[in-house]
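Here are some notes to read alongside the structure, written for someone meeting it for the first time. Take the points in order, and keep the view open as you go.

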Amino acid sequence: MSPNAFTLGRIVRLSILSLGALLFLAPYIFMISTAGKAQSDIFTSSLNLIPQHWFYAENFAKAWSRVHMPTLLFNGVIVCLMILVIQVVIAIPCAYAMAKLKFRAAKAMMVLVMLGLLVPIHATALPLYVAFDRVGALNSYMALVAPFSISVFGIFLFLQFFRAMPDDLIHAARLDGMSEIGVIARVIVPNAWPAITAFSIFSVVAHWNDLYWPLIVVSDQAYATPPLGLLYFRAAEAGDDYGALMAATLIITSPLVAAFLIAQKRFVEGITMTGLKG
Amino acid sequence: MPDMAATSIGPVPVAAKARRSDAERQEARAGLLLSLPAILLVLLFIILPVAAVILLGFTNFELGYPSFEFVGLDNYVELFGDRTFMKSLWNTAVYAAIVAPMSIFLALGLAMLIEAEGIGRSFFRTAYFLPVASLLVAMATVWQYLFHPTIGPINTMLAMIGINGPNWLGASNTVLYSLSIIGVWQSVGFNLVLFLAGLTAIPRELYSAAEIDGAKSGWDRFRLVTWPMLGPTTLFVTTISVINSVKVFETVKTLTEGGPNKASEVLLYTIYQEGFVYLRVGYASAMTVVFLAILVVLMFIQYRVQDKQVHYS
């Protein structure tokens, strides 16, 4: 039985996998197809994948004009980037200290991290909202970013990674006269890129997709993130204009999907790493 | 030589000790300084708010009213007589009971098929993983179109074979199942990637060893090698899947707003409505405490199972 022979088993296997893949990709196929259809087309022939009248331009123009797409995408990028940078800058020194330095608060910090892993934003949202409301900070980038400035998951992931790093590397750097900050910047970070990449993917996917918190603190379209903007668009559209809706959907999903398709290997490695360590 | 011997027994250890404790003190200071920002932020954005939620759960605080008072367990008494909340707990449990097992077993099955198959490995992985990388609010909109009772492709297809398709998201007896389909579609890819990694890590020799020991059928090999070796992965995937399905919110908010007739009212959506729409912060805090308690119980179960699990690696 050569491995390339198409045995019955393989044919069954490939058929199941292909059918499954088709089912999983079907929403994308219909999204792309419907984004190019005129209203009348959508109502009469939903199963024709090729639009009868090429309506892409009209639908995209509509989607682009109803909600300010560049603002949404810009907000999404800015918010995710700010969150990521702050999280990494805060988490790496802390994880390094916990992994490689002896200090009394380390044990307490470990307890805090384990507790923190349990608590999602949904559990802290109420008091945070009240507090942001009191200081008049709703509808701002600050409100969108601040609660995520600390990622205990990030600390946890980096901690696991740093523990596996050889102590000799750090001792050598210290003997060379490096300060602890120097050790982090010149020894730890350059050796931690796999962990940093994995965490970045995790963080960006989570915050690009998050609806709950932006929905709570933002009511001004100027600060809307992509999921929130799409919600506004749906409210404004109020009806069955699926052509325009699909066009808007297509615009908003494509950045992350494109990023995924380009950096697939990293995504998969990242998920595996964050998954297996988390 | 005698000199060195003398110094090594003599005063040097004391000096070294002093130096070491000096170094230790310095190390402790550096450690504290480096982790200080993180400690402060954890206190500010996690510990303090959780304490506040627990406290607020005992008050009648409403946003917009200047004062509030402690009402003891009143909120909790009200909660368990609140039909919307009970309905919401039940719906969340049903949703989790469908989505978690489905997405775990589908992912495991697909991962094993992909692992066994030589060709198309990365294509299949991409196809199944794509929903994880897609904006759920956006894809929910696509599903709304697919599920549309009259013009939607699903019902059009069903009509072609003579079946009168249901009003998927619009009828109270199907809405939770329709949302579950979206939930499974969205989460299989994540679990699949983890299972694939787990499967790749199983040493080939174990399979041949099992075969020599008489595990002839594929099922035997699965039962004796694959399943036990995947234990830690399965446990992690299960915990994540259950927790994520308890946290269902995006699709409900986007597509059904808890309707029709509260048939898709789920925990986080109810909390959101009470707390941020009706602004009954005290009452919503009590709900949040219940939500947190559920997460704690789930984590506790995971730790217990993990402790009992045999580790093969």
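1. In this predicted model, helix α5 (residues 121-133) of chain B packs against α8(B) at an angle of about 125°, and the two axes are 6 Å apart. The crossing of α5(B) and α8(B) is left-handed.

2. Which residues bring α5(B) and α8(B) together? From α5(B) come Arg125(B), Tyr128(B), Phe129(B), Leu130(B), Pro131(B) and Val132(B). They meet Trp185(B), Gln186(B), Val188(B), Gly189(B), Phe190(B), Leu192(B), Val193(B) and Leu196(B) of α8(B). Sorted by class, this contact holds 11 nonpolar, 2 polar and 1 charged residues.

3. Helix α8 (residues 175-200) of chain B also has a partner in helix α4 (residues 83-116) of chain B: their axes come within 6 Å and cross at roughly 40°. That angle makes α4(B) oblique to α8(B), because only angles under 35 degrees would count as roughly parallel. The crossing of α4(B) and α8(B) is right-handed, and the residues of their contact divide into 21 nonpolar, 6 polar and 1 charged.

4. Please stop at Asn191(B), which is found in helix α8 of chain B. Is Asn191(B) buried or exposed? Asn191(B) has 29 C-beta neighbours inside 10 Å and so counts as buried, the cut-off being 20 or more. Leaving aside neighbours within four places in sequence, Asn191(B) is in contact with Ser103(B), Ile104(B), Ala107(B), Val237(B) and Ser241(B). Asn191(B) and Val237(B) are 46 residues apart along the chain, yet their C-alpha atoms are separated by 6.1 Å.

5. Now move to chain A, where helix α3 (residues 56-66) and helix α14 (residues 242-262) pack at an angle of about 70° with axes 8 Å apart. This makes α3(A) roughly perpendicular to α14(A), because 65 to 115 degrees is the range for that label. The crossing of α3(A) and α14(A) is right-handed. On the α3(A) side you will find Asn59(A), Phe60(A), Lys62(A) and Ala63(A), and on the α14(A) side Gly243(A), Ala244(A), Ala247(A), Ala248(A) and Ile251(A). By class, the contact of α3(A) with α14(A) has 6 nonpolar, 2 polar and 1 charged residues.

6. Met82(A) is worth a look as well, in helix α4 (residues 69-100) of chain A. Met82(A) counts as partly exposed because it has 18 C-beta neighbours inside 10 Å. Beyond residues up to four places away in sequence, Met82(A) touches Tyr141(A) and Val145(A).

7. Two backbone details deserve a check. Asn139(A) has a positive phi of about 55° although it is not a glycine, and it sits in the loop between α6 (121-134) and α7 (141-145) of chain A. Asn139(A) counts as partly exposed because it has 17 C-beta neighbours inside 10 Å. In chain B, Glu257(B) is a residue other than glycine with a positive phi, near 50°. The place of Glu257(B) is the loop between α12 (250-256) and α13 (267-277) of chain B. Glu257(B) counts as exposed because it has 12 C-beta neighbours inside 10 Å.

8. How do the two chains meet? The contact takes 75 residues from chain B and 78 residues from chain A. On the chain B side, the largest share, 21 residues, comes from helix α2 (residues 12-56) of chain B. The residues of that side divide into 56 nonpolar, 12 polar and 7 charged.

9. Finally, a word on confidence. The predictor gives the complex an ipTM of 0.86 and a pTM of 0.87. Chain B has a mean pLDDT of 85, and 92% of its residues reach 70 or more. Over residues 1-12 of chain B the pLDDT is below 50, and this stretch has 1 contact in the model beyond near neighbours in sequence.

Methods:
Residues numbered from 1 in each chain as written. Chains lettered and ligands numbered in written order. Predicted model: local features only at pLDDT ≥ 70, side-chain atom pairs only at ≥ 80, totals over all residues. Helix = DSSP H or I, 4+ residues; strand = E, 2+ residues; numbered from the N terminus. Contact = placed C-beta atoms within 7 Å. Nonpolar A, V, L, I, M, F, W, Y, C, P; charged D, E, K, R; others polar. Axes fitted to C-alpha atoms, helices over the stretch in contact; angles between N-to-C directions. Parallel < 35°, antiparallel > 145°, perpendicular 65-115°, else oblique. Left-handed = near helix turned anticlockwise from the far one by under 90°. pLDDT = per-residue confidence, 0-100.
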